Amino acid sequence: MSLTNGVPAKEITGVTWLKAQASVGAGECVEVASLPDGDVAVRNSRHPEGPALIFTRAEMRAFLDGAKGSEFDELAA
């Protein structure tokens, strides 16, 4: 499966979408899915059939390291 950024998330089949336990349950969550080629898809839970962004594992690791280091906290304030 070779996917590019902006692919409709509904076209990504055979994956399990995950969301953080901290999600409030009213659709305010980002969902991620591991793709067969090792990449990671990200979608907005309010628009589950909308576009998905595709990231490499290295890109996701860099983002998560930044999030864990509080680099993006101001965006949620």
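In which segment is Ser70 found? Ser70 is found in the segment after H1, and the close-up views described below are all drawn from a predicted model.

View 1. Most residues other than glycine have a negative phi. Ser70, although it is not a glycine, has a positive phi of about 65°. Its relative accessibility is 42%, and Ser70 therefore counts as partly exposed, the limits of that class being 20% and 50%.

**View 2. Glu71 in the segment after H1.** With a relative accessible area of 55%, Glu71 is exposed, because the class of exposed residues begins over 50%. Glu71 and Ala58 are separated by 13 residues in sequence, and their C-alpha atoms lie 17 Å apart in space.

**View 3. The aromatic pair of Phe63 and Phe72.** A pair of aromatic rings is described by the distance of the centres and the angle of the planes. One aromatic pair is found when the whole structure is searched, and this pair, formed by Phe63 and Phe72, is stacked, with 5.1 Å from centre to centre and 15° between the planes. Phe63 has a relative accessible area of 44% and is therefore partly exposed, while Phe72, with a relative accessible area of 30%, is also partly exposed.

**View 4. A nonpolar patch on the surface, formed by Phe63, Leu64, Phe72 and Leu75.** Together these four residues, Phe63, Leu64, Phe72 and Leu75, have about 400 Å² of accessible area. Leu75 is found in the segment that follows helix H1, which spans residues 57-68, and Leu75 counts as exposed because its relative accessibility is 71%. Two members of the patch, Phe63 and Phe72, are also the partners in the stacked aromatic pair.

**View 5. Strand E3 and its pairing with strands E2 and E4.** Strand E3, made of residues 30-34, has Glu31 and Ala33 on its covered face, whereas Val30, Val32 and Ser34 lie on the uncovered one. Strand E2 (residues 18-19) pairs with E3 in the antiparallel sense over two bridges, and Leu18 stands opposite Val32 in E3. Strand E4 (residues 40-44) also runs antiparallel to E3, to which it is joined by five bridges, and here Val30 stands opposite Asn44 in E4.

**View 6. The hairpin of E3 and E4.** Five residues lie between the two strands of this hairpin, in which Gly38 takes a positive phi near 100°.

How values were computed. Residues numbered from 1 in each chain as written. Predicted model: local features only at pLDDT ≥ 70, side-chain atom pairs only at ≥ 80, totals over all residues. Heavy atoms only, no water. Patch = residues over 30% accessible without salt bridge, like charges linked within 9 Å, V, L, I, M, F, W, Y side chains within 5 Å. Areas by Shrake-Rupley, 256 points an atom, 1.4 Å probe, with all protein chains shown as cover. Salt bridge = Lys/Arg side-chain N within 4 Å of Asp/Glu carboxyl O. Helix = DSSP H or I, 4+ residues; strand = E, 2+ residues; numbered from the N terminus. Buried < 20%, exposed > 50% of the residue type's maximum accessible area, 1.4 Å probe, protein only. Pairing = 2+ DSSP bridges. Phe/Tyr/Trp six-rings, centres within 6.5 Å; stacked < 30°, edge-to-face > 60°.
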